[in-house]
Amino acid sequence: MFDLTGKVALVTGGNGGIGLGMARGLAQAGAAVAIAARNRAKAEAALKELRAYGGKATFMELDVLDEASCRGAVAKTIAGFGRLDILVNNSGTTVRKPPEALTADEWRLVVETNLTGAFFCSQAAYPEMVRAGGGKIINIGSMMSLFGAPHTAAYGASKGGMVQLTRAIATAWGKDNIQANAVLPGFIVTDLTRERKENVPGLDAEIVARTPAGRWGFPEDLAGIAVFLAASASDFVTGAAIPCDGGYSIRD
């Protein structure tokens with residue numbers, strides 16, 4: 001039920017952080033993995049690691065702000081592996097400012113990177129998944145899909161939108177045996193969060209105290225949920241938004 005042998009996954013932003021954590025899990029479960037991102041040099045180390053698990057892995061450049069680039073990533077995955085079964089929409093960015101200080105360009109950058117890019121990639125993947133007889137779409141949301149925070153207006157809007165996009169896809173494409181689910185990571189130690197974890201006074205202690213697991217998460221903590229949502233074990237799970245946060249979101 002969790003064996004992904006013969007399956008092909010495309011992971012956007014899969015050359016580091018949460019995306020790489022999920023790609024590791026998919027590769028260990030037997031999937032061939034295509035990493036789509038901007039930084040080729042960063043991807044080389046990731047590819048070496050993924051190939052060490054015994055499967056195939058490749059990299060392609062992707063700009064999620066460009067619809068043609070999104071469609072091209074799917075096309076290159078098909079050209080390289082012959083099919084597409086799993087799409088992980090993980091590419092993301094943020095601009096931390098109060099809403100009154102955000103510029104229109106900053107708003108568009110965050111929303112279009114986090115949400116519109118996922119829409120483009122999902123739309124491009126759809127006919128290929130239909131051709132394969134079904135598929136799995138895993139969208140990466142956030143704790144900000146659930147909570148509000150003063151410096152996350154654009155980011156929170158995009159991640160809340162990601163959950164609604166997931167639900168729309170689940171209802172529209174269920175007839176095609178495509179399941180779509182969102183994963184809502186908690187506070188995960190990545191290159192993007194490490195600086196704030198180490199330098200914002202009291203942040204580390206506050207998060208650890210609120211989290212029942214008693215720690216921050218790591219990218220490898222996302223591997224298991226990725227495998228579950230990519231495998232036949234989750235064939236009757238669709239349209240869900242699943243926190244992977246060590247229990248952070250259940251606390252008042």
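User: A crossing of two helices is called left-handed if the near helix is turned anticlockwise from the far one by less than a right angle, and right-handed if it is turned clockwise. Which hand does the crossing of H4 and H5 have?

Analyst: This is a predicted model, and in it H4 and H5 cross in a right-handed manner.

User: How far apart are the axes of those two, and at what angle do they pack?

Analyst: The axes of H4, residues 104-132, and H5, residues 153-173, lie 8 Å apart, and the packing angle is about 15°. Angles under 35 degrees count as roughly parallel, so H4 is roughly parallel to H5.

User: Which residues make the contact?

Analyst: On H4 they include Trp-107, Val-110, Leu-115 and Phe-119. On H5 they include Tyr-155, Met-162, Leu-165 and Trp-173. By class, the contact of H4 with H5 has 15 nonpolar, 5 polar and 1 charged residues.

User: Now H1 and H8. How do their axes cross?

Analyst: H1 covers residues 17-28 and H8 covers residues 223-230; their axes come within 8 Å and cross at roughly 55°. H1 and H8 are therefore oblique to each other. The crossing of H1 past H8 is right-handed.

User: And what touches what there?

Analyst: Gly-21, Met-22, Gly-25 and Leu-26 of H1 meet Ala-223, Ile-225, Ala-226, Val-227 and Ala-230 of H8. By class, 7 of these contact residues are nonpolar and 2 are polar, with no charged residues.

User: Change of topic: how many cavities of 30 Å³ or more are there?

Analyst: A search of the whole structure finds 1 such cavity. The largest cavity holds about 40 Å³ of space.

User: Which element gives the largest share of its lining?

Analyst: That element is H4, with 5 residues. Among the residues lining the largest cavity are Asn-114 and Ala-118, and also Met-162; these three also belong to the contact between H4 and H5.

User: What classes of residue line that cavity?

Analyst: The lining of the largest cavity has 4 nonpolar and 7 polar residues, and no charged ones.

User: What about the second largest pocket: how much space lies in it?

Analyst: The second largest pocket contains about 230 Å³ of space. It is lined by 18 residues, and the closest to its centre are Lys-7, Gly-135, Lys-136, Ala-230 and Asp-235. Ala-230 also takes part in the contact of H8 with H1.

User: And the classes in that pocket's lining?

Analyst: The lining of the second largest pocket has 6 nonpolar, 6 polar and 6 charged residues.

Key
Residues numbered from 1 in each chain as written. Predicted model: local features only at pLDDT ≥ 70, side-chain atom pairs only at ≥ 80, totals over all residues. Heavy atoms only, no water. Axes fitted to C-alpha atoms, helices over the stretch in contact; angles between N-to-C directions. Helix = DSSP H or I, 4+ residues; strand = E, 2+ residues; numbered from the N terminus. Parallel < 35°, antiparallel > 145°, perpendicular 65-115°, else oblique. Contact = heavy atoms within 4.5 Å. Nonpolar A, V, L, I, M, F, W, Y, C, P; charged D, E, K, R; others polar. 1 Å grid on protein atoms, 1.4 Å probe; cavity = no way out; pocket = protein on both sides within 12 Å on 5 of 7 lines; lining within 4 Å. Points joined across faces, edges and corners; volume = space filled by probe spheres on them.
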